[in-house]
Amino acid sequence: MNFFYLRRKFYNLLALTVSLLSAGFGIFFLFWILKDVITLGLPALNWAFFTELPVPPGAEGGGLAHAILGTIFVTVVATVIGVPSGILAGTYLSEYGRKSGTASVVRFLSDILVSAPSIVIGLFVYAILVKPLGGFSAIAGAVALSIIMLPVIVRTAEEVLKLVPDSTREAALALGAPHWKVTVHVVYRGAIRGITTGVLLAVARVSGETAPLLFTSFNNSFWNFNVAEPTATLTVTIFNYALGPYEDWHTKAWGAALIITATVLLVTIFARLLVTRRSPR
Amino acid sequence: MALLERHKADKIGDAVFRGVSYFFAISVVVLMLFIFAVLFKESLPAIKKFGLKFLVSSSWDPVRLEFGALPSVYGTIVSSIIAIVIAVPISLGIAIFLTEMAPKGFKGPIGTAIELLASIPSIIYGMWGLFVFAPFLSDHVEPWIIEYLGFIPIFNGAPLGIGMLPAGFILAIMIIPFISSVSRDVFQMVPPMLKESGYGVGATKWEVIRKVVIPYTRSGIIGAVILGLGRALGETMAVTFVIGNSHEISHALLDPATSISATLANEFTEAVDPLYLSSLVALGLILFVITFIVLVLAKFLIGGFSYKGGNL
Amino acid sequence: MKKVLLAVTLILLMAGGSFADTLINGAGATFPYPLYSKWAYEYAKKTGLKLNYQSIGSGGGIRQIKEKTVDFGASDAPLTAKELSEAGLFQFPMTIGGVVPVVNLKGISPGQIKLTPDLLADIFLGKINKWNDKRITELNAGAAMPDDKITVVHRSDGSGTTWIFTNYLDKVSKDWHDKAGFGTAVKWPAGVGGKGNEGVAAYVKRIKGSIGYIEYAYAVQNKLTHTKLQNRDKAFVDPSIESFGAAAASADWRNAPGFYVVLTDQPGKNSWPISGATFIIIHRQPEECGKAKIVLGFFDWAYRDGAEMAKSLDYVPIPKNVSEIMEEAWAREIKCKGQALWKR
């Protein structure tokens with residue numbers, strides 16, 4: 001009896017120690033990466049980094065202002081394309097389709113599209129936009145990102161719209177308001193915070209994407225405000241600079257890595273704060 | 001009369017709104033079919049030329065224009081399996097720690113920190129792998145592996161710090177936050193009643209985890225693992241930096257290899273010949289099909305467990 | 001919400017239209033990238049005209065100009081006259097450089113090891129796999145060759161560097177010709193692959209007993225150990241601006257169809273055997289004449305005012321007599337709506 005008890009106690013201790021250690025191991029690596037991004041990235045950041053264009057390789061100084069702007073530019077255009085379409089599709093799932101066959105198919109495919117390899121999306125957009133239009137362009141990059149964004153928005157929009165109780169809809173409908181007005185003025189209003197959260201999370205995710213931009217928005221050494229021209233982005237710049245031969249490039253790549261990581265984390269934290277303020281779980 | 005007219009306008013408004021939202025919902029389906037169709041059309045020249053041999057041939061010869069997908073497919077699958085083998089126990093450890101062991105004040109912050117790490121862009125993992133982890137491996141870890149484990153064929157090779165094993169490891173680190181936060185969420189869905197009755201009959205914590213929590217959440221965990229696998233299979237940036245880009249299939253895990261996504265990132269803007277290009281798109285199609293199957297599988301397994309853990 | 005939408009639409013409209021000033025896009029070879037971006041930077045300062053050159057590799061440069069996704073392509077691997085005429089393209093050289101074998105061997109200094117063409121080919125074929133192989137030690141009696149395994153490092157991506165290097169091996173070794181051939185990417189008989197010149201440099205630095213090939217400027221940048229190589233006149237030479245220039249001296253540009261000139265294995269006592277010119281590729285009948293004119297204007301300026309900048313970055317400028325041949329050809333062959341685009 002005593003022996004069995006001890007053995008069980010021993011296994012318990014062993015198993016818990018193992019999971020503690022593995023947790024420690026995993027967390028250790030993740031923080032190791034964060035630490036390196038911060039310590040290697042900080043020295044690269046100065047005023048010029050945020051305000052100047054890159055100088056030719058080998059020369060000192062210059063910055064990545066064009067890539068910072070490019071990332072914002074491409075992400076904003078992607079958001080303008082992806083968010084309204086995603087919200088409308090989500091609206092269909094939650095307000096009209098609900099349990100219909102169409103709705104289940106859309107749901108199912110959205111869930112799969114969420115995890116589709118992003119480099120394949122890049123190939124797709126190269127084939128339908130870059131080649132026919134005869135050039136790499138910011139808009140091609142934005143379309144690729146919006147395709148990645150779309151299913152995320154569709155699913156979150158549906159989830160948060162469903163959280164609005166049916167009794168609210170019925171109350172508004174009973175007052176004689178048409179369905180679409182109820183959706184826009186009552187349901188959207190009720191779900192606005194949840195939708196914002198979903199949008200922010202999606203924006204955070206796509207702003208860190210590299211693979212779909214390699215063959216679409218490409219790169220540019222200058223400022224670009226034109227959707228039809230190639231544009232630099234922070235992530236593609238990291239890819240090129242990290243594989244480049246110059247020390248200065250590696251430093252700048254770490255700086256860019258720090259900026260993009262910090263931005264993504266801040267947006268994600270902000271998005272989460274929005275949800276927790278609504279419903280303390 | 002006015003009321004009737006308003007009624008009519010409302011009806012039109014309703015139809016339009018419904019139609020528009022239906023259009024965008026359907027666009028997801030159309031998009032998916034369109035991606036398949038475009039990839040298929042672009043890979044037709046390669047399919048016509050090589051047929052099914054494309055899948056089993058390991059030749060990748062841009063001079064003689066002979067292409068086979070095997071090395072890339074092999075690398076994609078093996079690096080993902082390595083990632084899963086490393087990541088799953090660690091992720092479950094983290095999930096167990098977070099739900100069953102951590103003191104109350106710790107659970108929230110550590111859980112959130114892990115979820116936040118899941119949002120770090122994958123290129124950061126790849127870059128860190130190349131600049132920090134690869135030199136560390138080749139200086140400190142791999143010489144040791146080769147010296148003491150080198151008699152096992154898979155641990156043979158040169159200490160490059162870059163190759164199949166390092167790529168799998170970086171992938172593992174990348175998917176750990178993902179798998180652990182999903183598993184934590186499913187662990188939390190176990191009704192406290194069940195666990196309490198376990199403790200009530202005198203079971204230890206580990207016995208409750210093993211006999212109650214894990215069986216109860218099995219399909220959810222498997223689903224989380226497969227979702228993680230899906231991410232690993234399709235990942236580009238974390239792999240491309242560290243896998244070594246060699247089209248040779250080697251039994252040794254320390255040797256350089258390649259994956260579908262790494263091949264695409266390396267060679268797509270480079271390929272000149274239409275057949276070369278088409279073979280690359282065909283690789284993309286294969287990757288799309290593999291992940292599609294894996295994700296469908298995950299979806300059916302998670303099925304009952306309606307996962308609401310976020311939008312990862 | 002409405003205001004935000006309005007603002008965004010406005011921004012998009014502005015972005016699409018009025019702000020668009022002319023941007024010239026070029027892409028291709030990695031090797032001249034530092035030089036082209038230096039030129040583009042100075043040219044933009046001087047004239048306000050922007051040339052966006054991105055290094056994606058020579059293969060990419062050729063394909064992107066064929067698909068017209070860029071205004072000019074750049075390649076270290078020349079196209080043959082047939083390939084050019086089939087695609088309606090035109091090419092001209094912009095600068096000259098060399099490919100250098102680099103090694104990682106303890107106690108060996110740059111230029112200390114001598115290699116013959118045969119040895120180099122057999123090493124890259126994997127036939128010689130130890131540094132103390134008899135054939136190596138016989139040739140290098142003075143150097144203490146270690147008992148290390150040879151690890152070959154090559155490019156993983158398509159590359160003009162690979163084209164020049166394998167073109168050389170193809171010329172000097174029948175075995176190489178039969179087994180691998182030459183191209184921007186080949187099926188390597190041995191070794192590991194690094195992405196870009198930098199990837200190869202990083203591997204060579206890290207792997208003891210490795211040998212790789214790399215563009216000269218990158219070898220200098222990374223302080224790697226180069227080898228001497230025996231040239232066609234049986235002399236052992238070091239890579240340098242002068243020895244690349246010597247290899248280019250005997251080239252007959254005027255009579256080369258499509259300016260297909262390969263500078264590997266050239267005669268001359270001082271010639272570095274793995275030299276090559278790097279080319280710009282444009283359309284013979286460009287659709288956007290305005291842009292094509294800016295492209296030619298830029299390269300005209302680079303021929304005349306860019307030579308000093310090239311030398312300061314370890315590149316060999318194109319000699320004046322050659323650049324004149326090129327500009328004559330521009331005037332003759334580049335047509336816009338039937339009219340010559342370039343007037344001298």
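Chain A and chain C together bury about 2600 Å², and 65% of this area lies on carbon and sulfur atoms; buried area here is the accessible area, found with a 1.4 Å probe, that two parts lose on being put together, summed over both. The model is a predicted one, in which local features need pLDDT of at least 70 and side-chain atom pairs count only at pLDDT 80 or more, whereas totals for chains, interfaces and linings use all residues, and side-chain values use heavy atoms, with hydrogens and water left out. Residues are numbered from 1 along each chain as its sequence is written, and chains are lettered from A and ligands numbered from 1 in the order in which they are written.

The interface of chain A and chain C brings 30 residues of chain A into contact with 31 residues of chain C, where contact means heavy atoms within 4.5 Å. One salt bridge is found across this interface, a salt bridge being a side-chain nitrogen of Lys or Arg within 4 Å of a carboxyl oxygen of Asp or Glu. Its partners are Lys291(C) and Glu229(A), with a distance of 3.9 Å from N to O. On the side of chain A that touches chain C, the elements that give two or more residues are helix 3 (65–97), helix 5 (118–133) and helix 11 (247–278) of chain A; helices (H or I, at least four residues) and strands (E, at least two) are DSSP runs, numbered from the N terminus. That side of chain A has 20 nonpolar, eight polar and two charged residues, in a scheme where Ala, Val, Leu, Ile, Met, Phe, Trp, Tyr, Cys and Pro count as nonpolar, Asp, Glu, Lys and Arg as charged, and the others, Gly among them, as polar.

Between chain B and chain A, the contact takes 82 residues from chain B and 84 residues from chain A. These two chains bury about 7500 Å² between them, with 82% of it on carbon and sulfur atoms. The count between chain B and chain A is four salt bridges, and Arg272(A) forms a salt bridge with Glu115(B) in which the closest N and O atoms are 2.6 Å apart. Helix 1 (residues 2–50) of chain B provides the largest share of the side of chain B that touches chain A, namely 21 residues. By class, the residues on that side of chain B divide into 57 nonpolar, 15 polar and ten charged. Chain B itself contains eleven helices and two strands, and its C-alpha atoms fill a box of roughly 80 × 65 × 35 Å, taken along the principal axes.

Within chain A, the division is into domain 1 (2–44) and domain 2 (66–276), with bounds that come from an automatic or database domain assignment. The centres of domain 1 and domain 2 of chain A, taken over C-alpha atoms, are separated by 34 Å, and the contact takes eight residues from each of these domains of chain A. About 600 Å² is buried between domain 1 and domain 2 of chain A, of which carbon and sulfur atoms give 89%. Val37(A), Leu40(A) and Ala44(A) supply 62% of the area that domain 1 of chain A buries against domain 2 of chain A, more than any other three residues. The count of salt bridges between domain 1 and domain 2 of chain A is zero. The side of domain 1 of chain A that touches domain 2 of chain A has six nonpolar, one polar and one charged residues.

Confidence was examined for the complex and for each chain. The predictor gives the complex an ipTM of 0.91 and a pTM of 0.88. Chain A averages a pLDDT of 90, and 97% of the residues score at least 70; pLDDT is the predictor's confidence in each residue, from 0 to 100. In chain A, confidence is lowest in helix 1 (residues 2–41), at a mean of 88, and highest in helix 3, at 95. Chain B averages a pLDDT of 88, with 95% of the residues scoring at least 70, although pLDDT stays under 50 over residues 304–312 of chain B. The mean pLDDT of chain C is 87, and 94% of its residues reach 70 or more. Among the elements of chain C, helix 1 (residues 2–16) has the lowest mean pLDDT (50), and strand 10 (residues 228–230) has the highest (95). Over residues 13–20 of chain C the pLDDT is below 50. Where pLDDT is low, the predicted coordinates should not be read in detail.
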